[in-house]
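Please read the following explanation with the sequence and the three-dimensional structure at hand.

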Amino acid sequence: MRSSFSRHVASPPPGRREPSRASRIAGSGQRRVMSAVRRLVILVPPPPRASRLPRRGANGPVGGSMATRRSNDRHPDRGTAAHLAHALRGQQDPLRMVFDHIQDVVYLIENGETGLRFAAVNPAFLGATGLDADEVIGRAVADVIPPPSLDLVLKRYAEAISIRAPVRWEEVSPYPAGLRFGEVMVAPVLGPDGECTHLVGTVHDVTAHRLAQQELDRQAKYDALTDLPNRVRFRELLAAGVGSAATGSVTLAVLSLDLDRFKTINDALGHTVGDALLKQVGKRLSEIATCGDVVARLGGDEFGILASLPDGIEAATLLGERTLAALCKPFEVDGHEIRVTPSIGISIFPRDSGSPEDLVRFADAAMYHAKAGGRNRLAFYSAELDEQAQQRRTLEHALRGAVERREFVLHYQPAVELRSGRVTGFEALVRWNRPGHGLVAPNEFIDVLEDTGLIRDVGDWVIGEVVRQLAAWEHAGHEHLRAAVNVSAAQLRPSAVNPDLHAEPVYSLLEKVQACLARHPLRTAQLEIELTESALMTDAAFACETLERLRAVVGRVHVDDFGTGYSSLAYLKRLPIDSLKIDRVFVQDLPDDAEDASIVRAVIGLAHSLGLDVIAEGIETEAQRQFLLAAGCDHGQGYLFSRPVPADEVPALLQGSRGPPGA
């Protein structure tokens, strides 16, 4: 037989919609508690006397007892809400023992003339909220439940009282014990007259589950390395920004930023240093961003910025220039001074598109255009850039196939002594024999090889092919030949690092050169190495140590394109190098350009003061040769002497030379 209390805990009225299966599952914990209340209340006899309000100790209620409000009814009717409150104070009552140990929060609220007040709560309630019993029992709900939860709670309580049926919801509340998430169920207790006298509530604490879910959501939308929004979150924020901007006539800028030749740095110094650099880049970008801007790491060395432009499109240019300036300052990472430059592409809402997807794609296209234009610059999207971006993707795909199929060939350009005209060596220059296109010049694909990391595979092939060709020429009777190969910074990195920090690192470039020389031994010929100024200064200390090792197995070491980078003279004098090559940009306007003439004279003087030879590139006229000779330049390369030629044409060049090569 059902007790009066169990009868008065209201059930949904006929015709009321049943909760969904998900809601039934979510509310299973509360239903089990309410079922226990219904079953146990009929077992509890009326207590002979009331007990005192339990005291609160430092670690919770003394004895872990249920906190209840004293009732004025000395002997309440069995099965009523007042009877329940009395029963909860009994030391040996089954219901009391259940409530003392149940993990879910359970509470009883009196609906009286003074409003809703807490009549009883279990220890789980006090533990979850961090409140003392005297801060809860007898107090109004509005004095216990904190905002902003209070408004929702009062609304749900009023709903349960109005419809005379249980109500379920989920709430989050800031209590002294911390932020708590709970699945709540409250049911009205009806008196003999059908009016609600009490509310019985349960809360299933899902804080741990919700916090774990929030962490999973964060991991899905934020970059673990930099703690910045990732590509997914960036697109969400962009979509929201576009929606808001569309209603307020606001201009937005999307910046796609890629670090130039980051893979070279990553390969040369290792992934640990590369990751630390990316963290510093993210921090520096966040520091220059204005309030409301979004800085995100989109993947690898690519970052994105979403900015509102209250001052118009001109503000996007200023932001881009500010970003360029910030990232061009050197970074200190693990004892290395690292310099990077960014290429930045910018698309504008609503000028370029109203689609978030298009804005990202257009910014990427502009970024690739900035890279193609020389890097370390910014570019705005225009319609024709779409086609260029597609061409770039096609080129990357074709180059990957070219590496696999070995579609590359070598041509050799002689370097001559300017005074005598005799050939002193050759520079090996790679060409791409692209099917359907013929020979493709290196300026059309080298940058893509470096950006994609394919440069090392091609560079290693070049070293092997040049050593093989030197051995073949030597076997044919052409002795004392020298051939230089261009080496990228990516080829300087170690192929493996011994986990013993005191052990010597193994350098992949040294291993490659040694293996090639062992396969094709050279008696009189010499392999030479050329590295660009920028590649050397990526990590000058590391490059210095590497070149010292290489000098034991190769001939001369040249610094290529000198004057176009940012060499430190302090490092330059320490590097184990033999010559500087003056970049063609300083030669092409000689002897008429006074500034170029001054620069060339200064470089020649600097090199000679350091005991280095000088080679000028791009000599095309006799006037240029005469100027360089008078300025003291030692050697030269250029079309005035010879275009780069296939290997089988080198013997003819040697025969036409005014002296024996290398003599």
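The paragraphs below treat a sheet, the cavities, an aromatic pair and some details of the backbone.

This is a predicted model, in which local features need pLDDT of at least 70 and side-chain atom pairs count only at pLDDT 80 or more, while totals for chains, interfaces and linings use all residues. Residues are numbered from 1 along each chain as its sequence is written, and side-chain values use heavy atoms, with hydrogens and water left out.

The sheet comes first. Helices (H or I, at least four residues) and strands (E, at least two) are DSSP runs, numbered from the N terminus. Strands of a sheet pair through backbone hydrogen bonds, either parallel or antiparallel. Here, two strands are said to pair if DSSP finds at least two bridges between them. Five strands form an open sheet with mixed pairing, in the order 10-11-9-14-15. Strand 10 (294–299) and strand 15 (377–380) are the edge strands, each pairing on one side only. From one strand to the next, the twist averages 20°; axes are lines fitted to C-alpha atoms, for helices over the stretch in contact, and angles run from 0 to 180 degrees between N-to-C directions.

Within this sheet, strand 9 (residues 252–259) and strand 11 (residues 302–308) run antiparallel and are joined by seven bridges. Ala 253 stands opposite Ala 307 in strand 11. Helix 13 (residues 314–328) lies across strand 9, strand 11, strand 14 (342–349) and strand 15, and it runs at about 160° to strand 14. Contact means heavy atoms within 4.5 Å.

On a 1 Å grid over the protein atoms alone, a cavity is a set of points where a 1.4 Å probe fits but cannot get out, and lining residues have an atom within 4 Å of a point. Grid points are joined across faces, edges and corners, and a volume is the space filled by probe spheres set on the points. The structure holds four cavities of 30 Å³ or more.

The largest cavity contains about 230 Å³ of space. It is lined by 18 residues, of which Val 105, Thr 129, Glu 171, Tyr 175 and Val 203 are the closest to its centre. Among the elements that each supply at least two residues of this lining are strand 4 (105–112), helix 6 (123–129) and helix 8 (149–163). Ala, Val, Leu, Ile, Met, Phe, Trp, Tyr, Cys and Pro count as nonpolar, Asp, Glu, Lys and Arg as charged, and the others, Gly among them, as polar. By these classes, the lining of the largest cavity has twelve nonpolar, three polar and three charged residues.

The second largest cavity has a volume of about 130 Å³. Of its 15 lining residues, Ala 415, Thr 424, Glu 528, His 558 and Ile 615 are the closest to its centre. The lining of the second largest cavity divides into four nonpolar, five polar and six charged residues.

Rings of Phe, Tyr and Trp (its six-membered ring) pair if their centres lie within 6.5 Å; planes under 30 degrees apart count as stacked, over 60 as edge-to-face and the rest as tilted. The count by this rule is ten aromatic pairs. One of them, Tyr 107 with Phe 118, is edge-to-face, at 5.8 Å centre to centre and 65° between the planes.

Finally, the backbone. Most residues other than glycine have a negative phi, and most peptide bonds are trans. The peptide bond from Phe 349 to Pro 350 is cis, with omega near 5°. Arg 164 has a positive phi, near 55°.

Technical notes
1 Å grid on protein atoms, 1.4 Å probe; cavity = no way out; pocket = protein on both sides within 12 Å on 5 of 7 lines; lining within 4 Å.
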